[in-house]
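Colleague: Please take a close look at one part for me, and then connect it to the rest. Keep it brisk.

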Amino acid sequence: MKSAAIAPGDVTRYGLGLAAPLALVFAVFFIAPLAQLFYLSLHNDAVATVWGLGQYVKFLTDPFSLSVLGATLLLGAEVTLLCLVLGYPIAWLHQRAGHWLQTVIILIVLLPLLTSVVVRTFAWIVILGRQGIINSTLQSLGLISTPLRMLYTQGGLVVALAQVQMPLMVLPLITAIGRIDTNLADASASLGAGHWRTFFRVILPLSMPGIIAGCTLTYAAAITAFITQSLVGGGQMLFMPMYLYQQASTLQNWPFAAAISIIFLVAVLAIVALFSTLGRRARINGDAT
Amino acid sequence: MSRKQHNLEALSFHIAMTVIAVLALALVVAPSLVVVIVSFTSGFSLKFPPPGYSLRWYVELWNAWQLQFAARNSLVVALWATGLSILLGVAAALAISRSKSVSARVLDSLFMSPLVLPALAFGLAALMFFSLIGLPVSLLTLIIGHTIVCVPYVVRNTVAALAQLEPTLLESSAILGASRLYTFRRIVLPLIRPGIISGAFIAFMSSFDNVPVSLFLRDAATDMLPIRMWQDLEGKLDVTIAALSSILIIATVALMALMERTTGLSKRLAG
Amino acid sequence: MMIDRRRLLTSALTLGAMHAFPGLSYADARPLVFATFTGSWEEAHKAVLVPAFRKASGDAPVVLDPMLSVDQIAKVNAAKSNPPIDVMLHDPGPALVAIGQDLVEPFPVENSAYYKDLIPEAQDPNGPAPFFQVVGLTYNPDTVKTPPTSWADLWNPDYKGRVGITNLNSTLGTGWLVEVARMHGGSEANVDAGFKALEALKPNLAAVAANPGALATLYQQGQIDISPGNFNAIQILKARGVPVEFVAPKEGAIAFKTTIHIVKNSPNKELAFKLIEAALSPEVQTTLTEPPYLIVPTNAKVAMTGEIAKVLAKDTDELKKKFVFQDWKTINQQRASWIEKFNRDIKI
């Protein structure tokens with residue numbers, strides 16, 4: 001077959017036709033289902049016969065639903081911040097390390113990314129539990145007499161999620177920091193700016209694209225982390241993924257579940273868009289300096 | 001600033017950064033170690049440190065037919081999803097890489113979008129869609145769903161590998177009279193193979209580990225390992241899960257080491 | 001060349017779809033799916049019932065899918081013509097719902113070898129009862145030194161941050177709320193007093209478990225020290241050395257039968273019948289009355305002995321006299337709204 005899109009002489013490219021099978025699969029099994037989800041969400045009744053915005057109105061006027069959305073977005077922000085504070089030094093250390101240590105750091109960071117999320121979450125049950133590692137250490141040191149409650153708390157959940165999502169923050173940071181011209185930092189330091197000042201005034205702004213990319217990925221992953229939220233958060237903390245699952249699975253309220261999904265999806269896309277706008281602005285500023 | 005002050009300042013910065021980095025790395029790696037240690041407990045609970053050590057939970061795993069059933073299903077689905085992702089994803093990557101056309105860029109965004117959209121929404125959408133077209137949930141629907149969320153990894157890694165390919169190589173090959181197919185097989189494929197493999201590796205792992213899609217598309221007859229483990233953890237804190245987890249961790253480490261040696265996985269993901 | 005590639009892809013896909021999945025002819029190939037309850041029930045059924053069923057059916061494939069009755073009903077309701085479950089297990093409330101919504105197949109009484117041996121209360125042609133359950137108080141004797149005697153003990157300020165409950169999706173949760181309401185002047189028809197009391201319980205709450213099985217897990221983890229609880233849910237843990245005890249409150253423990261049903265339109269009706277037969281058989285029921293399961297039998301040929309006789313009752317007559325049997329028909333009328341109210345109100 002002749003691929004008409006490109007000049008016959010151009011041997012460095014392949015015709016777009018090669019993307020057709022995947023495009024077809026996506027059209028049928030990705031776009032169509034999402035379109036149907038959207039269609040279903042625009043119905044007021046459970047069997048999807050009456051058109052209307054009822055499901056969205058129901059969600060957006062219900063303080064309970066809104067509080068679930070708010071709690072989810074807040075959780076994402078907390079996790080992202082913690083990931084950034086802990087992850088940045090890892091990326092910084094990676095840049096300064098020798099070849100061997102660099103590989104070790106990457107593999108350590110990759111390990112949780114590739115380990116099953118259930119396994120990672122399970123570990124946190126062992127760590128945060130009443131008889132877990134933290135409580136038994138603190139008790140044997142005599143620092144506390146009764147075990148602290150960490151499992152099923154917001155704080156415990158934030159730490160667990162931060163660990164689970166850490167690779168998504170660190171990998172883009174490593175890439176971004178690696179691209180910074182080290183001479184710049186040296187120049188700044190030799191001009192007497194001091195390391196702290198140089199870090200906050202030079203390195204941090206220059207690595208902004210990595211920060212933005214890392215924050216986007218971490219945020220999106222943290223708010224959708226169904227398993228960690230349900231196991232470490234416990235039965236009484238409700239976030240969007242579980243809310244959506246309950247409505248769809250236990251209550252079989254598909255149009256409402258569809259509306260929740262769409263609202264959730266839009267919220268995620270809005271955050272991603274916000275981050276990428278910030279990223280673009282940071283890049284422009286970065287080029288200007 | 002005096003020299004002494006300056007050194008002190010530099011020291012404080014380096015110490016602070018290094019300490020946080022080391023603590024953060026410990027935080028990242030500690031949970032896996034804890035799981036491995038707890039899996040050797042002789043007790044019935046997840047008390048840490050364990051009251052004694054034994055292999056009983058590994059023996060228990062031998063009889064855990066429900067977990068084995070789920071693991072087999074997960075493996076079958078992951079292998080199929082990875083295979084389909086390679087076939088469809090590499091072809092698509094060839095088409096869209098190096099192309100500056102608008103349609104290529106649109107396709108690129110489309111193929112990447114499962115990574116950004118909440119997969120849970122897609123899982124629900126897929127369930128509704130399959131029930132609309134009258135396809136009951138089965139391993140087939142799971143494979144389709146997993147392929148959608150796994151193929152981006154193959155596309156992305158293959159595109160990245162193709163971007164590093166020197167166009168002059170292809171031109172010289174053509175000038176020397178090689179057919180496009182021959183050039184593809186003998187030059188392009190060997191050069192992008194590590195990219196494909198590492199993409200396929202991540203696709204496989206993410207299918208094997210998938211929760212949001214499986215959550216909606218599985219049922220008891222097509223049980224998936226992560227869902228079974230989650231439900232076991234919620235319903236009865238079974239130490240068998242610790243043994244299984246530690247096997248999964250060790251298998252992951254081994255696979256990672258293999259991938260590092262064959263494809264330089266770490267450079268590929270952090271490059 | 002590209003056509004070849006595409007043809008290759010299409011044929012690979014078709015091959016994949018048509019040949020590699022005998023599972024496509026879904027109904028024939030699928031194993032028997034038994035939706036049991038989480039925790040100790042799943043363990044008991046996995047260890048005793050499934051082996052007996054395999055023996056009786058010549059090793060037919062079977063899987064357990066533990067979930068609450070309300071979830072079982074939701075799943076079957078969502079796909080009535082092709083249900084994902086073959087055998088359901090229901091407490092009295094959900095059983096009425098399932099029968100009312102025409103989700104169950106009548107049990108072929110005439111083919112059953114054991115049905116006639118069941119005590120009269122357990123004989124129901126919509127689905128016989130393989131066991132009884134009793135709900136009282138459970139507590140950790142290491143940390144709760146004086147055994148509780150009343151539901152009211154859960155409100156004792158000494159147990160601040162140590163009480164566990166389950167949500168109302170379970171019979172345990174709803175049944176308990178009704179008893180709390182009754183204590184404060186309410187009834188099956190009105191649990192407002194119960195909700196008011198729940199509000200006052202909040203400082204004491206350590207966790208709200210998703211199901212009774214998860215409640216047992218919380219004892220194992222040491223997350224809670226006292227809770228309303230199922231007699232059976234803790235027995236396996238207790239046998240393993242986890243400090244946990246059951247006590248009937250002075251207001252009266254709640255008792256109810258659990259029924260087992262063949263799902264309407266199940267593709268595995270024959271096997272479903274065999275599984276239920278095994279569950280009613282004196283062999284299985286006798287094994288299940290022994291430690292660590294201690295499940296109250298319904299087959300008249302199986303005696304209530306040992307721990308069951310000591311803590312609960314010597315026979316069904318005593319069981320009926322001693323315990324509270326609730327009116328689930330009345331409860332069902334408002335249960336959905338209670339569940340919703342609970343899920344919104346109870347955040348700790």
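**The contact of chains A and B**

Modeller: Start here: chain A puts 81 residues into this contact, and chain B puts in 80. (Two residues are in contact if their C-beta atoms, placed from the backbone, lie within 7 Å.) This is a predicted model, with local features needing pLDDT of at least 70 and side-chain atom pairs pLDDT 80 or more, while totals for chains, interfaces and linings use all residues. Residues are numbered from 1 along each chain as its sequence is written, with chains lettered from A and ligands numbered from 1 in the order written.

Look at the chain A side. Helix H1 of chain A, residues 20-41, gives the most to the side that touches chain B: 13 residues. (Helices, H or I of at least four residues, and strands, E of at least two, are DSSP runs numbered from the N terminus.) Of the residues on this side of chain A, 60 are nonpolar, 19 are polar and 2 are charged. (Asp, Glu, Lys and Arg are charged; Ala, Val, Leu, Ile, Met, Phe, Trp, Tyr, Cys and Pro are nonpolar; the others, Gly among them, are polar.)

Now follow one residue of chain B. Ala92(B) then contacts Leu18(A), Ala19(A) and Leu22(A) from chain A, plus Phe111(B) and Val155(B) from chain B itself.

Ala92(B) also leads us to the core. The largest nonpolar core holds 290 residues, and Ala92(B), Leu124(B) and Val87(C) have the most contacts inside it. (Such a core joins buried Ala, Val, Leu, Ile, Met, Phe, Trp, Tyr and Cys through C-beta atoms within 7 Å; buried means 20 or more other C-beta atoms within 10 Å of a residue's own.) Helix H3 of chain B, residues 65-96, supplies the largest share of this core, 18 residues.

Step back to chain A. It has 13 helices and 0 strands. Its radius of gyration is 24 Å, whereas a compact globule of 289 residues would be near 19 Å. (That radius is taken over C-alpha atoms; the globule rule is 2.2 Å times the number of residues to the power 0.38.) Of its 289 residues, 48% count as buried.

Chain C has 14 helices and 10 strands. Its radius of gyration of 22 Å is close to the 20 Å that the globule rule gives for 348 residues, so chain C is as compact as a globular protein of that length. Of those 348 residues, 53% count as buried. Among chain C contacts between residues at least 6 apart in sequence, 73% join residues at least 24 apart.

Definitions and conventions:
A residue is buried if 20 or more other C-beta atoms lie within 10 Å of its own, exposed if 12 or fewer, and partly exposed in between; C-beta atoms are placed from the backbone. Lists of a residue's contacts leave out its neighbours within four places in sequence.
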